[in-house]
Amino acid sequence: MVRGPWRAALGGALAGALLVSGCAGTAEHHGGGSGKPVDGGTVRFAMPPSATPNWIMPISIPGYGGSYNGAIRGTMYVPLYVYDGESGSVALDDRASAADPPRYSADGTEVTITLKPLTWSTGDPVTSRDVEFWLNVLRAGKDDWGKYSAGLLPDNVKAFHAVDERTFTLTLDKAYNRDWFTANQLSLVVPMPQKSWDRTSATGPVGDHDRTPAGAKQVFDFLVGQAKKLGNYATDPLWKVVNGPFALSGFTASGQVTLKKNPRYTGPDPAKLDTVQFLTFTGSAAEYNVLRAGGLDYGYVPTSNLGQRSRLEAQGYRVEPWNGWSITYSPFNFNNPELGKVFRQLYVRQALQHAVDQKAITSVIWRGSARVGYGPVPQDNDTKYLSSRQKDNPYPFDPDKSRQLLSRHGWKPGADGVLACAAPGTGPQQCGEGVEGGTRLSMTMLTESGSDETDGTMQELRSELSKIGVEMKIDSQPLNTVLANGTACTPKDASCSWQLSYFGTQGSWYFPANPSGDQLFATDAGTNFGSYSDRRADELIAETNLSPSDQPMLDYSAYLAEQLPALWLPNPPYQVSAIDTALHGVSQDPLAGLAPQRWFWTR
């Protein structure tokens, strides 16, 4: 869901790789192989720049929603339903899912689900009770769930009924678009080991605590508290109970993760490798040094180094872009005490959007690897949800238009050239409701560090904005800091000081199968970081969730492209991958899934 820089976690062989990074003759070579699968082995995978995994619990809280957390967690705790988009259209990945396809009642208000014969690493079977446990704990802690939107999961599930040990029925509050409900709601359900986790303290007994609201809240608080103790991940007995193809073997303070094959996995998608190491880096340059030294089996190439592709291929890597089912944007903080009222003026957002030169950013800074993005649904891959209004760009690069919009509404340049409100009020030629006289168009962008491309994008934005009288300061921080500090807030909160944020080095948001805005731009949605609220947008989002037609999604695409709940920016690929040619089974899923259980060596 969010991208960023990398922390260096270099030891042993990796440190050795760095030592030889400047000596091509001594670099570790890759490639070769017989083409036949070889059991076992280890793969060293590079995490995005400054992206450090920091959440293991299947229920994530705000500020811990990095897509890398979900990708790693999904190898240990299998969701009910997993989707994949590698084929060009998004479809259910049955092998990776914990349940057989759902069966809806004729009226669409009940859905019956049968779990596959999975087993926890304790030897206990995965049962309907484990799904009930997840649901009960989620209900108790929903206000602290990073994906919660009022009226959606768990609110839209009126009742849970266990038919037998592996089959259960959910009674819904109304009939929904079935494709949307399966892809965007049921895919969020992750069975949790009730016999191991249904406790209120580390030393307390396991029981049916979750079956009362108070008990469920105690369980939620306990599990969240344990999940915040990153230093204990590798040793805490809680996290050793898994049902996926991998189990956690190591987790360092810097976020380096080691997964090992789960010998007790009983599903249809077992791991072929023995071990997968997820390595972290402070920046893309550090990662590339290790890649050139041969210290990675699956890394990425910064766009500034794409000219060295032939060297990497000669070293035994294949270089392939990994494009995402995603959008990239910079949220406005509509509740910021200084500029929130300014951002609420549509003409201001229009002026800022007209100052974004997306074609220059994509062609020069990203060297053609990024794609333009003009609205709330993906413009790559499957375009059936893309409106013509979004596709045609309502706000093309036009600095003169930006200046006209601001001047027309009473903004005048100060001695330093920065515009200030000289006509407070709500008239057609005034600054707008709540904007005080003298307010300056000086804003700070909280942005992730560690990427030359992101640094270049921010410098380009600052330059173009300065030409229309807007000052943009840049505050670069590690990705996890950006995600933690750029969350929804109220004007009185100390945490509401951020004004704009950027976490899009690898795309800002990766959608589930259906690119509805229920998590992003619905009022009070869990990842509506900027607190955007618009009644018509809410109506359209609700329609996309209920209607079997694609038209509400097209209407939503057009409306939000014009209304600008965020600053639309070019959408980079997840990465340009460099993959050892002897490593097969790799799927560069546009939904940012990894499925490392399917990777295998051929040498």
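## Domains

Into which domains is the protein divided? Domain 1 is made of three stretches of sequence, 37–56, 244–322 and 575–602. Domain 2 covers 78–221, and domain 3 covers 326–568.

## Confidence in the model

The structure is a predicted model. Its mean pLDDT is 93, and 95% of the residues reach 70 or more. Over residues 1–25, however, the pLDDT is below 50. This stretch still has 90 contacts in the model beyond near neighbours in sequence. Where pLDDT is low, the predicted coordinates should not be read in detail.

## Where domain 1 meets domain 2

The C-alpha centres of domain 1 and domain 2 are 29 Å apart. Contact between the two domains involves 15 residues of domain 1 and 16 residues of domain 2. Together they bury about 1200 Å², and 47% of this area is on carbon and sulfur atoms. On the side of domain 1, Arg264, Thr266 and Arg598 supply 37% of the area buried against domain 2, more than any other three residues.

Polar and charged groups also take part in this interface. Between domain 1 and domain 2 there are 8 residue pairs in polar contact, counting pairs with both residues at pLDDT 80 or more. The side of domain 1 that touches domain 2 consists of 5 nonpolar, 6 polar and 4 charged residues. The two domains are also linked by 2 salt bridges. Arg598, already named for its share of the buried area, forms a salt bridge with Asp93, with the closest N and O atoms 2.9 Å apart.

## Salt bridges in the structure

How many salt bridges does the structure hold? The count is 24. Among them is the pair Asp416 and Arg440, whose side chains meet at 3.1 Å, N to O.

Another salt bridge joins Asp173 and Lys174, and here the closest N and O atoms are 3.6 Å apart. Asp173 counts as partly exposed because its relative accessibility is 32%, a value between the cut-offs of 20% for buried and 50% for exposed. Lys174 has a relative accessible area of 37%, so this residue is partly exposed as well.

Notes:
Residues numbered from 1 in each chain as written. Heavy atoms only, no water. pLDDT = per-residue confidence, 0-100. Contact = heavy atoms within 4.5 Å. Domains from an automatic or database assignment. Buried area = accessible area lost by both parts, 1.4 Å probe. Salt bridge = Lys/Arg side-chain N within 4 Å of Asp/Glu carboxyl O. Polar contact = N/O pair within 3.5 Å; in protein donor to acceptor, adjacent residues only side chain to side chain. Nonpolar A, V, L, I, M, F, W, Y, C, P; charged D, E, K, R; others polar. Buried < 20%, exposed > 50% of the residue type's maximum accessible area, 1.4 Å probe, protein only.
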